[in-house]
Every structure is written in structure tokens, then in C-alpha cells.
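This briefing is meant for a reader who is opening the structure for the first time. It begins with a term that is needed along the way, and then goes through the topics one by one.

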Amino acid sequence: MESKSPELEHPKPAFGWAARDQSGLLSPLKFSRRETAENDVAFKVLYCGICHSDLHMTKNEWGVTQYPLIPGHEIVGIVTEVGSKVEKFKVGDRVGVGCMVGSCRSCDSCHNNLENYCPKMILTYGAKNYDGTITYGGYSDTMVADEHFIVRIPDNLSLDVGAPLLCAGITVYSPLRYFGLDKPGMHVGVVGLGGLGHVAVKFAKAMGVKVTVISTSPNKKQEAVENLGADSFLVSRDQDQMQAAMGTLDGIIDTVSAVHPMPPLLALLKSHGKLVLVGAPEKPLELHAFALIAGRKIVGGSCIGGMKETQEMIDFAAKHNITADVEVIPMDYVNTAMERMLKGDVRYRFVIDVAKTLNP
Amino acid sequence: MAKSPEEEHPHKAFGWAAKDTSGILSPFHFSRRDNGVEDVTIKILYCGVCHSDLHAAKNEWGFSRYPMVPGHEIVGLVTKTGSNVMKFKVDDRVGVGVMVNSCKSCEYCHQDLENYCPQMIFTYNAQNHDGTKTYGGYSDTIVVDQHFVVRIPDSMPSDGCAPLLCAGITVYSPMKYYGMTEPGKHLGIVGLGGLGHVAVKIGKAFGLKVTVISSSSRKEREALDRLGADSFLVSNDPAKMKAAFGTMDYIIDTVSAVHALAPYLSLLKTNGKLVTLGLPEKPLELPIFPLVLGRKLVGGSDVGGMKETQEMLDFCAKHNIAADVEVIQMDQINTAMERLAKSDVRYRFVIDVANSLSQSQL
């Protein structure tokens, strides 16, 4: 039996922008959303952040993309309908959805609020739902998700600048906590000053941590120090600067997803320091065993965060006035935005004004 | 002009040294310092042969200085104590491991982490504060600051205890630091040699389920029947490895040659930890996706501090853990090194220094 077209799969008409092939170019697509089931929350999408993962996926750089693909996993909006068993949310609530819309809810990871590590976790877009249909993300007018995967956005956190926290925010918040790099007085490095990096600086500062931004671009220094509040800035290609900073950092959050050398970063760490990668280069990196052994250092990775921690992160951000620095764009600018993002030409996240500019 | 090794210090000493990058050892006359107020002089009974001795003797790490007297798994008897030494007396049975000094004033030294002190001095192939070279335990005597001497528990055999001074602490310390001590959790140990076999014993004493992972299927019976491992995984059997994916809480990787980490990372559960202890001379390849997608980590560890080394010995005494050794004569050392390079030993050579060193002078 031939599978149904996106428009006919589900009962509720929906509209968004999708990539249709490996060019990654997005264009309007009519599709459909499921009925709001008893545990579901449906909401009108107001804004959606553009994450670099969206670019990787639209161009099938990871080899897992099925077209048409509607990206977007930094989604915020206003609740329009709740299922009969939903108690945490009501119509009119300000909510968000991040990178996941489902998990098995019964494995060890799920039981420990680590749905992000569940082997059956369902991504917000480009993944197979339990009913066999593909999930569609937030570059669209409406969203439906199980209430377990919905977070509440506090009133004092504006939706446009809050949206990127749903992926970028949790991606850096979770490892700062898990790897213990959140203690006042610690000195943490942030490699890469983009969507993830700039939010990492803000979270770390709010946790009382001294922050050094490590970047290949010397022209980002002023921004880093004056606007974002970083304590210092290291140009990674400057051998003298890197040498002078050796053994000064308790930890490093490395947001760079291109292949890059680890030894200079490990050298920046004090003994017992931790290098945490949140960007995932596709090729292995060279590891000199001595570098880890001589100082009992660690290299670890982290991938977003569980739902409980995502809510905790949003509440922390609201409390400490942490927002993403965004450039709000209309829907039809999205292809240009993708090109600019590829060149790092954005301070620091594009956010699509879906409600006002997504017109069928 | 620098003095010869024989004339550097007042007390004659004799040992075996490597003289060049061939790593071949031969008799060597040198000298030990006067016993200072903090010092203990030790007549060496046994010295374990650690794979690091082989790496160093052949300058595989690039910083060897010849002549080099290796040996950092030393057990002996106290023959002299300095006036400030209260912890030890003559005839006490003591041990010396990988370090003989540190700055004693930095944050690491203050936390009993002398092994991470930037000015820590290795037992051999390092420079003393007076500019002279340190010489290790393939020799008749050694003079060491009391802080870097440990007591050997009465119940432990001298020969079986010697390897614990490096191999033992090298696996015990990361097991504590990385939290690999929760009874019932699953520990994988890669490589069944000097480090690996002691890790099996200590892992079982912590109440862990232990799987030995090895490229040699012939080690299976040993691992299960004699050492007490719960299971055995042949690392070059892809089907068996695949069946074990995502089953281990921790892995201790003792392999000293360059090898792929990816298969071992796959064996770990989410949040799993792999500790790498071997020191290959070339870099390893670390795939990042598995670390990110499973929040896994790779860490290192370098022996342990003095307090922890004593704690480890006392733990081993309590649980009747000693190394499995093949005792050799001093003049068999070069053959032993060749066999060690081929992993042909169960599981540590230990030199019977007291009974064979002086004879080798003749």
C-alpha cells in the first residue's frame, strides 16, 4: 500500500517550509498534524530557532534524512488545545518543544529523566513516530506533542529570545551541571562563539564561573568580553597566548563540530580538568594518552538533556535573565539565513517569526 | 666536569642499567646518597619488571637518559633511618613505587596527590633536586625520603607484593576516582597482563561483575578459573563484541600498544566511563559521536598518591590479593624483557634482587 502524502497522513491540516532534496533549499509544504490525543498538547507556533543541526539535516550530511523534511527543534508558542488527561498545561499557556517528542518511558534512561539517551527516543523532526509517520518540526504553523515533552516558558522570558534555549541552551547547560563545571570560582573555557558558545558563556557566568572564550576569530573578542560578559578571550591560533594559558582551566565546553586538534585544548586544562564536546566532528580526533594520564584529565561528550533538566534550565534562564542573542527573520528569508549561518554570519541565532510571516 | 655515577654519592651501589636505545641491560656500578634526616635506606629484596621499564629502557617515549637503572616496584628491608624518621625502623619490610619526591607544598601535594605534583620526581630516569639522576630498583640499595616509602603488610609475600607498587596502585586509584566500586556494576578489563590481572582481583574484591576483554582466546580459562573473572570476551570476534554492546558500566584499558578505542566505547552503557592506563608511543583515535550520543567519557590516571598507595596495600592484604609472578634472576632480565614485549608472562616478572644481583657481578 502506498504511503499517504504528508497532507493526508493526519486529520489536521498544517503548513510549513520543508527541504525536498540534498540542496537543502526550503520551500512551502502543506502537510498535516495528528488529532490531539489524551496526553497531547497542541500549540500555535510563534517562533522557531534555526539550529546548525537543521542545516546538517536539510542537506543530508548525516545520511539519515528522509525528504520532505520540515526542520526546527527550538519551538515556542501558545497552547490551543490539550488532551483529556493533560493536567500540567491549559489553553493559552506559553510553551516550548525542543529536540525530542517521544521516548520509550520504560528504560533505565527514561526512569532517570534522561529521555535524551533512550535508545528509542524520537526526534522532533526527521524521525519515525510510533505510528510509522515521519515527525515534522517547528518551521510550521502548529505543533502537537505528548505533554511529557513540552516545557513551560515563564512569563518573564520572551519567546523570541527564549526559543534557542530549547536546543542550544540545554545542550550547554546539561554538561556544565553533569561534569561539575558549575561551581563558583571555577574557570571554564568555551570553544567556539556561535549559537551554543554564546549561551554557554551566559550560563557559566550566571553560575559564578570565570569564563574564557577560545576562538579562531580575534574579531569576536570585543563582543565576547563587552557584550557577553566573558572574562577573557584566547585566540586559538596564537601559540603564545595558548601557551601562556596552559594549565589554567577546570573545564572546557567545546562547541565546535568541525574536526580540530585536541592536544592544545587538553593542555589548557589544569590537572583533573575536563574537556566536554557538544559538537560532534564526524571523524575521530587524535588522542595522546599521556595528555590524559599525566594530569588525570577527562574527555567526555554530552547530548542535549532530559525533559526535567530542560525545564530546570528554562527556569534558571528566566531567573537569571539569560536569553539568546537573536536575529529575527521572516520565513521566506530562511534559505539566505542558512547560507549566512554556514559562514558564521549571525549574532548568534536566527529565529523565524513563524506566526507573523508563515503564510500559506 | 660532572662526576661519574660511581663518584656522585658517598655510598657504593650496584645494579643493572640500560646504556642505549637497544634497551639491553648489563651490570653497572654507581652510588647512593648519604641517608639524610628524612631518609630511609633500603636493602632491596625484590623488584617487579613493569612494561614502563621496557618503554623507558628503549627510549620509546623520547626522554630517556642513559645509563638508566629501571625498576619502580621495589620491596626491601630498612637498614638505616634518618633522625626525623618515626614511621619506620631497621628491619621493617617496606616498598617504594613510582615516585621518590615531590614539592610537598603545592595544592596537589597538600591533597595527597603527589603523583600530580608538577615537580614530582620519578624513581628512575628523572632528576633529583641536586641535579643527579635517579636510579631505580634493579639495584642492591635505594635511599628514599620516608614520605615516599610504604609499609608492606605482614601477611603479604614480598615477591607477590612488589608489582602492586605500580600495577596495583595504577588500577586501584582510577577505580576509586571514577567511582568504579559499586557492587553489582559491570567492569570490563581490556588486556590481561600485569595491570589487567591485578584489576580483575581488585574488581572482584569491590563486588563488581568482571569481564576480561582480550585478543587472546587462550587466556580465557585462566581468566575465569584462576583469576575469578565472571566472563571473557574475545575482542577480535565481532559477533561476540556486538552482543556485549551497551553492557558495561566501566572499562579499564590496560593495553600499552596503539589500538582502536571505538569497539570498547560501544561496550559501555550510557554514561559509561573508559579509563585508559597504557602509554603507547603514538596517538590513539577517539571517535566523538559515541561520547556525545551516550554521554560517555574517556579519562586517564597516573599511579596514585602515597596515602592511597598505602591504602591500596592494606586493601590487598585484607582481601588476600597479590600479583601472580614469575621470579627471575637478575642476569635473566634481558630475556624477560623480550618475553614481556610478547606478553609471554603470567603476569609480572619479579627480579630476586637479594639472591641474584651480587652474583651477577662476578
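This is a predicted model: local features need pLDDT of at least 70, side-chain atom pairs count only at pLDDT 80 or more; totals for chains, interfaces and linings use all residues.

A polar contact is a pair of N or O atoms within 3.5 Å; within protein, one of the two must be able to donate a hydrogen and the other to accept it, and residues adjacent in sequence count only if both atoms are side-chain atoms.

**Where the two chains meet**

- Contact between the chains involves 35 residues of chain A and 35 residues of chain B.
- Together, chain A and chain B bury about 3100 Å², and 69% of this area lies on carbon and sulfur atoms.
- On the side of chain A that touches chain B, the elements that give two or more residues are α4 (168-178), β14 (269-277), β15 (285-287), α9 (289-293) and β16 (298-301) of chain A.
- Sorted by class, that side of chain A has 20 nonpolar, ten polar and five charged residues.
- Between chain A and chain B there are six residue pairs in polar contact, counting pairs with both residues at pLDDT 80 or more, whereas the count of salt bridges between the chains is zero.

**The strand β16(A) and its partners**

- Across the two chains, β16(A) is joined by three bridges to strand β16 (residues 297-300) of chain B, and the two strands run antiparallel.
- Within this pairing, A:V299 stands opposite B:V298 in β16(B).
- Inside chain A, four bridges join β14(A) to β16(A), and here the strands run parallel; A:K274 has A:I298 in β16(A) as its bridge partner.
- In a regular strand the side chains alternate between the two faces of the sheet.
- From β16(A), A:I298 and A:G300 point one way while A:V299 and A:G301 point the other way, and all of them are buried.

- Leaving aside neighbours within four places in sequence, A:D250 is in contact with A:L181, A:M186, A:H187, A:L269, A:K270, A:G273 and A:K274.
- A:T133 sits in the loop between β7 (122-123) and β8 (142-146) of chain A, and with a relative accessible area of 12% A:T133 is buried.
- The side chain of A:T133 makes a polar contact with the side chain of A:D131, at 2.6 Å.
- Not counting residues up to four places away in sequence, A:T133 touches A:E9, A:H10, A:A127 and A:K128.

**A buried loop residue of chain B**

- B:L261 lies in the loop between β13 (248-253) and α8 (262-267) of chain B, and B:L261 counts as buried because its relative accessibility is 1%.
- When residues up to four places away in sequence are not counted, B:L261 touches A:L287 in chain A, as well as B:D253, B:L274, B:L284, B:E285 and B:L286 in chain B.
- Between the C-alpha atoms of B:L261 and B:L274, which are 13 residues apart along the chain, the separation is 9.3 Å.

Definitions and conventions: Residues are numbered from 1 along each chain as its sequence is written. Chains are lettered from A and ligands numbered from 1 in the order in which they are written. Side-chain values use heavy atoms; hydrogens and water are left out. Buried means under 20% relative accessible area, exposed over 50%, partly exposed in between (1.4 Å probe, protein chains only). Contact means heavy atoms within 4.5 Å. Buried area is the accessible area (1.4 Å probe) that two parts lose on being put together, summed over both. A salt bridge is a side-chain nitrogen of Lys or Arg within 4 Å of a carboxyl oxygen of Asp or Glu. Ala, Val, Leu, Ile, Met, Phe, Trp, Tyr, Cys and Pro count as nonpolar, Asp, Glu, Lys and Arg as charged, and the others, Gly among them, as polar. Two strands pair if DSSP finds at least two bridges between them.
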